[in-house]
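Welcome to this short tour. Open your viewer, have the selection tool ready, and follow along stop by stop.

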Amino acid sequence: MSLVRPHIEYASSVWDPHQKDLSNKIEMVQRRAARFVMNDHKRTSSVTNMLKELDWCSLKDRRTANRLTILHKAREGLLPLPVDDLLLPVQRPSRHSHQNSYQIITANKDCYKYSFWPRTVQDWNKLPYHITTIQDSKDFKNQATNYLKQLQ
């Protein structure tokens, strides 16, 4: 998997598919790799159990964690992205938001609705507050990945 994963995840924050069928096709690569690594090609074997035994999180969660990490780095000033222009703090906090929540970016066209910023802001707002306050990028990515893995 260490030879294939970098090719699958290259620039994944940009091309991350929102359609289930495309996402499933990508996940199938990892599921085949799990069978290969475990040397278990029987049809009766559970690939889900193999993935748990290998402690591999889904590629979808890895792509989400990568997108969130890019937003975190931009927020912390580590990437030259126009965060102040795009990300507006929530005006009226609700019980579902936290102090670091941003206004949802609305879009009429799917090509923008499912692009990096709108999707990542929604995922960011779902993170627990204590994760959004982490300043170190590596710690943030680890905590975000663990949080996403728990949701499975």
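Before we select anything, one term: a residue is called buried when its relative accessible area is under 20%, exposed when it is over 50%, and partly exposed in between, using a 1.4 Å probe and protein chains only. What you see is a predicted model, in which local features need pLDDT of at least 70 and side-chain atom pairs count only at pLDDT 80 or more, while totals for chains, interfaces and linings use all residues. Residues are numbered from 1 along each chain as its sequence is written, and side-chain values use heavy atoms, leaving out hydrogens and water.

**Stop 1: the whole chain.** Show the protein chain as a cartoon and you will find 10 helices and 0 strands. Here helices (H or I, at least four residues) and strands (E, at least two) are DSSP runs, numbered from the N terminus. The C-alpha atoms fill a box of roughly 55 × 35 × 30 Å along the principal axes. Of the 152 residues, 39% count as buried.

**Stop 2: charged side chains.** The chain has 24 positive and 15 negative side chains. Side chains of opposite charge can pair when their charged atoms come close. A salt bridge here is a side-chain nitrogen of Lys or Arg within 4 Å of a carboxyl oxygen of Asp or Glu, and a search of the whole structure finds 6 of them.

**Stop 3: D16 and R119.** Select these two and look for their salt bridge, where the closest N and O atoms are 3.4 Å apart. D16 sits in the loop between α2 (12-15) and α3 (20-38), while R119 belongs to helix α8 (residues 116-126), 103 residues apart. Are they buried or exposed? Both D16 and R119 are buried.

**Stop 4: D123 and R67.** Now select this pair, whose side chains meet in a salt bridge at 2.8 Å, N to O. D123 lies in helix α8 and R67 in helix α5 (residues 59-75), so the pair ties together parts that are 56 residues apart in sequence. D123 is buried at 17% relative accessibility, and R67 is buried too, at 2%.

**Stop 5: R75 and E76.** Next, find the salt bridge between these side chains, at 3.9 Å from N to O. R75 is partly exposed at 26%, and E76 is partly exposed at 32%.

**Last stop: a network.** Finally, select D16, R63, R67, R119 and D123 together: salt bridges that share partners join them into one network.

Methods. Lys and Arg count as positive and Asp and Glu as negative; His and the chain ends are not counted. The place of a charge is taken as NZ of Lys, CZ of Arg, CG of Asp or CD of Glu.
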